[in-house]
Amino acid sequence: MTAATFSTMFFGCFVTLLLLGCTTVICLVDEKLALQPTTTTGYHSTKLMAANATYGESVLPFVHSSCGTNAPHCGDYCSICSDYSASIMDCLSFLFEHSCLFTFKNAMATLNDTDWCTWGNVRSMYSNLSFCTEEISDCLLIPWPNPLVEQTFVNIHSEFFKDCPSEELSDPPPAIVFALVITPICLIPVMVSLVVLKTKNGDGSS
């Protein structure tokens with residue numbers, strides 16, 4: 001077999017493979033373009049809408065068939081949002097206000113405002129509010145926590161707990177304050193004496 005014959009055979013095989021590859025790629029591209037217009041409104045598209053909503057982008061209304069978990073009230077929440085004309089985040093805000101916050105504020109109203117700052121009195125109400133916001137977010141396939149949840153808790157803190165003293169900012173006991181103040185005062189003469197003694201020893205040795 002001569003070099004020319006081998007070169008011709010190699011070129012023929014290369015051209016055949018090239019045509020076969022190009023045909024395959026063109027078919028795949030055509031197939032992908034043919035499938036492009038079809039859209040789905042299932043679980044993944046709703047998660048995408050929820051993710052977009054979390055970052056403030058405009059979204060389509062909620063689709064009831066994409067309801068999330070099987071929590072007891074999940075069907076009710078999803079039904080409300082499927083009839084809601086605004087975006088899913090607007091519906092989430094509506095549900096927070098008329099479900100979670102409504103219950104929380106009614107429970108807080110049963111206490112005197114002087115009792116709001118005692119954690120033992122409000123712990124269960126606070127936990128119920130947190131659970132409610134998490135349950136609704138999970139039903140609507142919106143990540144939790146999200147900016148709306150954070151804003152909700154900021155609002156209730158400014159409304160109910162703004163006058164509560166913070167334990168982190170309170171003064172320590174007088175004994176600790178005295179120890180912290182007197183320790184550096186007592187150390188100053190000791191340090192001065194050590195410096196003077198070291199200086200004298202240095203001068204004497206020279």
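Biologist: How many salt bridges does a search of the whole structure find?

Modeller: One salt bridge turns up in the whole structure. The general idea goes like this: side chains of opposite charge can pair when their charged atoms come close. Here the term means a side-chain nitrogen of Lys or Arg within 4 Å of a carboxyl oxygen of Asp or Glu. Before we go on, this is a predicted model, where local features need pLDDT of at least 70 and side-chain atom pairs count only at pLDDT 80 or more, while totals for chains, interfaces and linings use all residues. Residues are numbered from 1 along each chain as its sequence is written, and side-chain values use heavy atoms, with hydrogens and water left out.

Biologist: Which residue forms a salt bridge with Glu 97?

Modeller: That's Lys 105, and the closest N and O atoms are 3.9 Å apart.

Biologist: Is Lys 105 buried, partly exposed or exposed?

Modeller: Buried means under 20% relative accessible area, exposed means over 50%, and partly exposed is in between (1.4 Å probe, protein chains only). Lys 105 has a relative accessible area of 30%, so it is partly exposed. Glu 97 is at 40%, so it counts as partly exposed too. For the chain, 23% of its 206 residues count as buried.

Biologist: How many helices and strands does the chain have?

Modeller: Helices (H or I, at least four residues) and strands (E, at least two) are DSSP runs, numbered from the N terminus. This chain has seven helices and zero strands.

Biologist: At what angle do helix H3 and helix H4 pack?

Modeller: Picture lines fitted to C-alpha atoms, over the stretch in contact, with angles from 0 to 180 degrees between N-to-C directions. H3 (residues 74-82) and H4 (residues 88-109) pack at about 130°, their axes 10 Å apart. That makes H3 oblique to H4. Under 35 degrees counts as roughly parallel, over 145 as roughly antiparallel, 65 to 115 as roughly perpendicular, and the rest as oblique.

Biologist: And how do H5 and H6 run relative to each other?

Modeller: The axes of H5 (residues 119-139) and H6 (residues 147-160) come within 11 Å and cross at roughly 160°. The two are therefore roughly antiparallel.

Biologist: Which residues make the nonpolar surface patch?

Modeller: Patch residues have over 30% relative accessible area and no salt bridge; like charges are joined within 9 Å, nonpolar side chains (Val, Leu, Ile, Met, Phe, Trp, Tyr) within 5 Å. Leu 187, Val 190, Met 191 and Leu 194 make a patch of about 380 Å², using Shrake-Rupley areas with a 1.4 Å probe, where only the protein chains shown count as cover for residues. Leu 187 sits in helix H7 (residues 174-205).
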